[in-house]
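Here are some notes for your review of this model. Please read them with the structure open.

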Amino acid sequence: MPQTSVRPPRSDGEFADVFARRARTPLRGFLPGRRVWSAVGGSAAAVVVIAGATALVARIDWSGGPETVTTTAAAKKTGATKQGSTKAGGATAPTTPSAAASAGKDKGPDVVYLPPPGGYGSGTSVGGPASNASGSGSRPGSGSGTSSGGTAAGNAQKSASQSAGATPQQSTPYMSSDGSVVADTNNYWDQSLVTVKSTKALSSLKVVFKIIQTGGVAGTGTWSSLDDKVSVSSGASSGELDYVITLKSGVTLEPGTYSFAVQYNHAPGHRDPGGDRYNVTTTSTTSVTEYRKGGF
(Lines give C-alpha, C1' and ligand atoms only; values in the text may rest on other atoms or scores of the structure.)
Protein backbone atom coordinates (compact mmCIF):
# COMPACT_ATOMS: atom_id res chain seq x y z
CA MET A 1 0.00 0.00 0.00
CA PRO A 2 1.60 3.27 -1.12
CA GLN A 3 2.52 5.65 1.49
CA THR A 4 1.05 9.11 1.43
CA SER A 5 3.38 11.91 2.33
CA VAL A 6 2.10 13.97 5.06
CA ARG A 7 2.98 17.63 5.02
CA PRO A 8 2.93 19.50 8.15
CA PRO A 9 0.12 21.96 8.14
CA ARG A 10 0.97 25.62 7.66
CA SER A 11 -1.05 28.49 8.58
CA ASP A 12 -1.90 31.31 6.21
CA GLY A 13 0.42 33.62 8.07
CA GLU A 14 3.47 31.43 7.50
CA PHE A 15 2.78 31.24 3.72
CA ALA A 16 2.57 35.00 3.49
CA ASP A 17 5.88 35.37 5.31
CA VAL A 18 7.64 33.01 2.91
CA PHE A 19 6.25 34.81 -0.17
CA ALA A 20 7.35 38.17 1.24
CA ARG A 21 10.93 36.99 1.72
CA ARG A 22 11.44 36.05 -1.99
CA ALA A 23 13.75 38.31 -4.04
CA ARG A 24 12.12 40.50 -6.68
CA THR A 25 13.71 41.50 -10.02
CA PRO A 26 13.21 45.19 -10.77
CA LEU A 27 11.65 46.14 -14.11
CA ARG A 28 13.95 47.80 -16.68
CA GLY A 29 11.24 49.77 -18.48
CA PHE A 30 11.33 50.18 -22.26
CA LEU A 31 15.15 50.60 -22.67
CA PRO A 32 17.06 47.67 -24.29
CA GLY A 33 19.69 45.86 -22.38
CA ARG A 34 23.47 46.09 -22.61
CA ARG A 35 23.74 43.18 -25.01
CA VAL A 36 21.42 44.88 -27.51
CA TRP A 37 23.47 48.10 -27.47
CA SER A 38 26.72 46.13 -27.93
CA ALA A 39 25.31 44.29 -30.96
CA VAL A 40 24.10 47.50 -32.61
CA GLY A 41 27.43 49.31 -32.07
CA GLY A 42 29.43 46.42 -33.42
CA SER A 43 27.32 46.20 -36.57
CA ALA A 44 27.71 49.93 -37.26
CA ALA A 45 31.50 49.75 -36.83
CA ALA A 46 31.69 46.82 -39.23
CA VAL A 47 29.70 48.70 -41.89
CA VAL A 48 32.02 51.77 -41.64
CA VAL A 49 35.15 49.61 -41.97
CA ILE A 50 33.79 47.74 -45.01
CA ALA A 51 32.75 51.00 -46.78
CA GLY A 52 36.16 52.59 -46.19
CA ALA A 53 38.00 49.54 -47.49
CA THR A 54 35.82 49.44 -50.62
CA ALA A 55 36.50 53.12 -51.42
CA LEU A 56 40.25 52.65 -50.91
CA VAL A 57 40.39 49.63 -53.20
CA ALA A 58 38.39 51.45 -55.90
CA ARG A 59 40.95 54.30 -56.01
CA ILE A 60 43.87 51.98 -56.69
CA ASP A 61 45.01 52.04 -60.36
CA TRP A 62 45.60 48.36 -61.19
CA SER A 63 46.61 49.07 -64.82
CA GLY A 64 50.08 50.32 -63.88
CA GLY A 65 49.57 53.73 -65.69
CA PRO A 66 50.44 54.78 -69.23
CA GLU A 67 53.98 55.30 -70.26
CA THR A 68 55.15 58.72 -71.37
CA VAL A 69 56.33 58.75 -74.97
CA THR A 70 58.41 61.57 -76.41
CA THR A 71 57.72 62.26 -80.08
CA THR A 72 59.49 64.78 -82.29
CA ALA A 73 57.80 67.11 -84.75
CA ALA A 74 58.87 64.90 -87.65
CA ALA A 75 57.19 61.89 -86.09
CA LYS A 76 54.08 63.98 -85.42
CA LYS A 77 54.00 65.07 -89.09
CA THR A 78 54.37 61.44 -90.23
CA GLY A 79 51.54 60.36 -87.96
CA ALA A 80 49.31 63.14 -89.25
CA THR A 81 50.06 62.02 -92.84
CA LYS A 82 49.06 58.45 -92.01
CA GLN A 83 45.82 59.57 -90.41
CA GLY A 84 44.97 61.62 -93.51
CA SER A 85 45.36 58.69 -95.92
CA THR A 86 43.02 58.75 -98.90
CA LYS A 87 40.24 56.35 -99.78
CA ALA A 88 40.18 54.13 -102.87
CA GLY A 89 38.48 56.87 -104.91
CA GLY A 90 41.27 59.38 -104.16
CA ALA A 91 39.30 61.56 -101.71
CA THR A 92 40.72 62.17 -98.28
CA ALA A 93 38.64 60.59 -95.53
CA PRO A 94 37.55 63.28 -93.10
CA THR A 95 38.51 62.85 -89.53
CA THR A 96 35.50 63.36 -87.30
CA PRO A 97 35.79 64.45 -83.67
CA SER A 98 34.34 61.12 -82.51
CA ALA A 99 36.95 59.17 -84.49
CA ALA A 100 39.74 61.35 -83.12
CA ALA A 101 38.43 60.87 -79.60
CA SER A 102 38.26 57.09 -80.12
CA ALA A 103 41.78 57.02 -81.50
CA GLY A 104 43.08 59.07 -78.56
CA LYS A 105 41.29 56.75 -76.13
CA ASP A 106 42.67 53.55 -77.71
CA LYS A 107 46.21 54.91 -78.03
CA GLY A 108 46.77 54.81 -74.29
CA PRO A 109 50.03 56.65 -73.45
CA ASP A 110 50.16 60.46 -73.37
CA VAL A 111 52.25 62.16 -76.09
CA VAL A 112 54.45 65.16 -75.37
CA TYR A 113 55.51 67.07 -78.49
CA LEU A 114 58.95 68.60 -78.59
CA PRO A 115 60.22 71.17 -81.12
CA PRO A 116 62.50 69.73 -83.78
CA PRO A 117 66.17 70.65 -83.95
CA GLY A 118 66.71 74.16 -85.23
CA GLY A 119 65.02 76.17 -82.49
CA TYR A 120 62.12 78.60 -82.88
CA GLY A 121 60.26 78.91 -86.16
CA SER A 122 59.26 75.32 -86.73
CA GLY A 123 55.72 76.02 -85.60
CA THR A 124 55.65 73.10 -83.09
CA SER A 125 54.89 73.67 -79.41
CA VAL A 126 54.99 71.41 -76.37
CA GLY A 127 51.69 69.73 -75.66
CA GLY A 128 49.90 70.70 -78.90
CA PRO A 129 49.97 70.53 -82.70
CA ALA A 130 52.26 72.57 -84.90
CA SER A 131 50.91 76.14 -84.89
CA ASN A 132 51.91 79.57 -83.66
CA ALA A 133 49.95 81.83 -81.31
CA SER A 134 48.20 83.64 -84.14
CA GLY A 135 46.77 80.42 -85.58
CA SER A 136 48.10 81.13 -89.09
CA GLY A 137 50.62 78.29 -89.14
CA SER A 138 53.54 80.65 -89.92
CA ARG A 139 56.21 82.54 -88.01
CA PRO A 140 55.12 85.89 -86.54
CA GLY A 141 55.90 88.68 -88.94
CA SER A 142 56.05 86.44 -92.00
CA GLY A 143 52.79 87.88 -93.40
CA SER A 144 51.51 84.50 -94.50
CA GLY A 145 48.38 84.55 -92.32
CA THR A 146 46.02 86.91 -90.55
CA SER A 147 45.04 86.27 -86.94
CA SER A 148 41.56 86.79 -85.55
CA GLY A 149 42.91 89.52 -83.27
CA GLY A 150 44.37 91.33 -86.31
CA THR A 151 41.06 91.05 -88.15
CA ALA A 152 39.17 92.47 -85.18
CA ALA A 153 41.66 95.32 -84.87
CA GLY A 154 41.36 96.05 -88.59
CA ASN A 155 37.59 96.12 -88.40
CA ALA A 156 37.71 98.42 -85.38
CA GLN A 157 40.17 100.73 -87.15
CA LYS A 158 37.97 100.77 -90.26
CA SER A 159 34.89 101.61 -88.20
CA ALA A 160 36.79 104.37 -86.40
CA SER A 161 37.98 105.85 -89.71
CA GLN A 162 34.45 105.75 -91.10
CA SER A 163 33.13 107.43 -87.96
CA ALA A 164 35.84 110.08 -88.15
CA GLY A 165 35.12 110.74 -91.81
CA ALA A 166 31.39 111.11 -91.25
CA THR A 167 30.40 114.69 -90.43
CA PRO A 168 27.66 114.84 -87.78
CA GLN A 169 24.62 116.72 -88.96
CA GLN A 170 23.99 119.91 -87.02
CA SER A 171 20.66 121.68 -86.94
CA THR A 172 20.66 125.12 -88.58
CA PRO A 173 19.37 127.91 -86.30
CA TYR A 174 15.93 128.97 -87.42
CA MET A 175 15.37 131.96 -85.09
CA SER A 176 17.08 135.36 -84.75
CA SER A 177 16.27 138.49 -82.72
CA ASP A 178 17.16 142.17 -82.40
CA GLY A 179 16.54 144.85 -79.75
CA SER A 180 16.33 148.63 -80.17
CA VAL A 181 14.87 151.81 -78.65
CA VAL A 182 12.51 153.66 -80.94
CA ALA A 183 13.80 157.22 -81.59
CA ASP A 184 11.45 159.77 -80.11
CA THR A 185 11.42 163.51 -79.54
CA ASN A 186 9.58 163.05 -76.24
CA ASN A 187 11.93 163.66 -73.29
CA TYR A 188 9.65 161.85 -70.80
CA TRP A 189 8.71 158.63 -72.64
CA ASP A 190 10.45 155.78 -74.51
CA GLN A 191 9.62 152.51 -76.26
CA SER A 192 11.86 149.40 -76.34
CA LEU A 193 11.31 147.11 -79.34
CA VAL A 194 12.26 143.44 -79.87
CA THR A 195 12.01 141.90 -83.37
CA VAL A 196 11.89 138.09 -83.73
CA LYS A 197 12.39 136.32 -87.07
CA SER A 198 11.71 132.58 -87.54
CA THR A 199 12.17 130.37 -90.59
CA LYS A 200 10.07 127.58 -89.04
CA ALA A 201 6.54 127.38 -87.74
CA LEU A 202 6.38 127.99 -83.98
CA SER A 203 4.27 126.21 -81.37
CA SER A 204 5.49 128.39 -78.46
CA LEU A 205 7.15 131.79 -78.01
CA LYS A 206 8.10 133.91 -74.99
CA VAL A 207 9.71 137.38 -74.92
CA VAL A 208 11.00 138.85 -71.64
CA PHE A 209 11.88 142.57 -71.17
CA LYS A 210 13.98 143.93 -68.28
CA ILE A 211 14.01 147.73 -68.15
CA ILE A 212 16.44 149.06 -65.55
CA GLN A 213 15.24 151.80 -63.19
CA THR A 214 17.17 154.91 -64.14
CA GLY A 215 14.82 157.33 -62.42
CA GLY A 216 11.10 157.79 -62.84
CA VAL A 217 10.70 154.61 -64.98
CA ALA A 218 7.06 153.47 -64.95
CA GLY A 219 5.26 151.23 -67.44
CA THR A 220 2.58 152.71 -69.70
CA GLY A 221 1.68 149.72 -71.89
CA THR A 222 2.75 147.14 -74.48
CA TRP A 223 1.88 146.19 -78.03
CA SER A 224 2.62 143.32 -80.42
CA SER A 225 2.15 142.50 -84.08
CA LEU A 226 0.38 139.31 -82.92
CA ASP A 227 -2.45 141.22 -81.22
CA ASP A 228 -4.64 138.87 -79.15
CA LYS A 229 -2.54 135.76 -79.92
CA VAL A 230 -0.27 136.64 -76.98
CA SER A 231 -0.78 137.28 -73.28
CA VAL A 232 1.14 139.93 -71.28
CA SER A 233 2.22 140.00 -67.63
CA SER A 234 4.30 142.65 -65.88
CA GLY A 235 6.04 143.33 -62.60
CA ALA A 236 8.05 146.16 -61.07
CA SER A 237 10.60 146.48 -58.29
CA SER A 238 12.88 149.19 -56.99
CA GLY A 239 15.54 148.11 -59.47
CA GLU A 240 13.74 147.24 -62.71
CA LEU A 241 10.54 146.97 -64.71
CA ASP A 242 9.71 143.52 -66.15
CA TYR A 243 7.37 142.43 -68.96
CA VAL A 244 6.67 138.87 -70.17
CA ILE A 245 4.88 138.33 -73.51
CA THR A 246 3.82 134.72 -74.17
CA LEU A 247 2.16 133.04 -77.16
CA LYS A 248 -1.20 131.63 -76.09
CA SER A 249 -1.59 127.85 -75.81
CA GLY A 250 -2.81 126.12 -78.95
CA VAL A 251 -1.72 128.96 -81.28
CA THR A 252 0.73 128.12 -84.09
CA LEU A 253 2.76 130.81 -85.85
CA GLU A 254 3.82 130.45 -89.44
CA PRO A 255 7.42 131.38 -90.41
CA GLY A 256 7.80 135.17 -90.41
CA THR A 257 8.89 138.30 -88.51
CA TYR A 258 7.14 139.42 -85.34
CA SER A 259 7.50 142.63 -83.26
CA PHE A 260 7.03 143.20 -79.53
CA ALA A 261 7.33 146.52 -77.66
CA VAL A 262 7.03 147.88 -74.11
CA GLN A 263 6.41 151.54 -73.33
CA TYR A 264 7.36 153.47 -70.20
CA ASN A 265 7.84 156.96 -68.75
CA HIS A 266 11.15 158.13 -67.34
CA ALA A 267 12.79 161.15 -65.77
CA PRO A 268 13.12 164.24 -68.01
CA GLY A 269 15.95 164.14 -70.51
CA HIS A 270 17.74 161.45 -72.44
CA ARG A 271 17.56 157.98 -70.85
CA ASP A 272 20.47 155.57 -71.23
CA PRO A 273 19.21 152.04 -72.15
CA GLY A 274 22.63 150.40 -71.69
CA GLY A 275 21.44 148.30 -68.73
CA ASP A 276 18.23 147.05 -70.34
CA ARG A 277 18.04 143.40 -71.43
CA TYR A 278 15.73 140.99 -73.24
CA ASN A 279 15.56 137.25 -74.02
CA VAL A 280 13.51 135.18 -76.45
CA THR A 281 12.63 131.46 -76.23
CA THR A 282 10.89 129.64 -79.09
CA THR A 283 9.90 126.04 -79.88
CA SER A 284 9.22 124.93 -83.43
CA THR A 285 6.44 122.55 -84.44
CA THR A 286 9.20 119.93 -84.84
CA SER A 287 10.00 120.29 -81.09
CA VAL A 288 13.27 122.19 -81.56
CA THR A 289 13.80 124.90 -78.92
CA GLU A 290 16.07 127.92 -79.38
CA TYR A 291 17.07 130.77 -77.06
CA ARG A 292 18.38 134.29 -77.81
CA LYS A 293 19.24 137.25 -75.57
CA GLY A 294 20.55 140.76 -76.10
CA GLY A 295 20.33 144.47 -75.22
CA PHE A 296 18.95 147.68 -76.70
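1. Start with a salt bridge. Arginine 292 and glutamate 290 meet through their side chains, at 3.0 Å from N to O. Please bear in mind throughout that the model is predicted.

2. The protein has four salt bridges in the model. Take the two links in turn.

3. The link from glutamate 240 to lysine 210 has its closest N and O atoms 3.6 Å apart. Glutamate 240 sits in strand β8, residues 240-247, and lysine 210 in strand β5. The pair therefore links distant parts of the chain, 30 residues apart, since helices and strands are numbered from the N terminus. Glutamate 240 is partly exposed, at 21% relative accessible area. Lysine 210 is also partly exposed, at 32% relative accessibility.

4. The link from lysine 210 to aspartate 242 is a salt bridge of 4.0 Å, N to O. Aspartate 242 lies in strand β8 and lysine 210 in strand β5. Here 32 residues separate the partners.

5. Now the sheet. Five strands form an open sheet in the order β7-β8-β5-β10-β11, and the pairing is antiparallel. Which strands are at the edges? They are β7 (230-236) and β11 (289-295), each of which pairs on one side only. On average, neighbouring strands of this sheet are turned by 10 degrees against each other, direction ignored.

6. Look at the β10 and β11 pairing in detail. Strand β10 covers residues 277-284 and is joined to β11 by seven bridges. The two strands run antiparallel. Threonine 283 faces threonine 289, which belongs to β11. In general, strands of a sheet pair through backbone hydrogen bonds.

7. Two aromatic pairs are present. Phenylalanine 209 and phenylalanine 296 are stacked, with 6.2 Å from centre to centre and 15 degrees between the planes. Phenylalanine 209 is in strand β5 (residues 202-212), while phenylalanine 296 is in the segment after β11. They are 87 residues apart, so the pair links distant parts of the chain, as the strands are numbered from the N terminus. Phenylalanine 209 is buried, because its relative accessibility is 0%.

8. The other pair is tyrosine 278 with phenylalanine 296. Their rings are tilted, at 5.6 Å from centre to centre and 55 degrees between the planes. Tyrosine 278 is in strand β10 and phenylalanine 296 follows β11, so the pair ties together parts that are 18 residues apart in sequence. Tyrosine 278 counts as buried, at 6% relative accessibility. Through these ring pairs, Phe209, Tyr278 and Phe296 make up a cluster.

9. What about the interior? The largest nonpolar core has 23 residues. Those with the most contacts inside this core are Val196, Leu205, Val207, Phe209 and Phe260. Strands β4 (189-198), β5, β8, β9 (256-265) and β10 each supply at least two of its residues. Strand β5 gives the most, with five residues. In soluble globular proteins, nonpolar side chains tend to be buried together.

10. Valine 207 is worth a close look. Which residues does valine 207 contact, leaving aside its neighbours within four places in sequence? The list is Val194, Val196, Tyr243, Val244, Ile245, Phe260, Asn279 and Val280.

11. Finally, the overall figures. The protein has 296 residues, of which 18% count as buried. Its secondary structure comes to five helices and 11 strands. Among contacts with a separation of 6 or more, 64% are between residues 24 or more positions apart.

Terms used. Residues are numbered from 1 along each chain as its sequence is written. This is a predicted model: local features need pLDDT of at least 70, side-chain atom pairs count only at pLDDT 80 or more; totals for chains, interfaces and linings use all residues. Side-chain values use heavy atoms; hydrogens and water are left out. Two strands pair if DSSP finds at least two bridges between them. Helices (H or I, at least four residues) and strands (E, at least two) are DSSP runs, numbered from the N terminus. Axes are lines fitted to C-alpha atoms, for helices over the stretch in contact, and angles run from 0 to 180 degrees between N-to-C directions. Rings of Phe, Tyr and Trp (its six-membered ring) pair if their centres lie within 6.5 Å; planes under 30 degrees apart count as stacked, over 60 as edge-to-face and the rest as tilted. Buried means under 20% relative accessible area, exposed over 50%, partly exposed in between (1.4 Å probe, protein chains only). A nonpolar core is a set of buried Ala, Val, Leu, Ile, Met, Phe, Trp, Tyr and Cys residues joined through side-chain atoms within 4.5 Å. Contact means heavy atoms within 4.5 Å.
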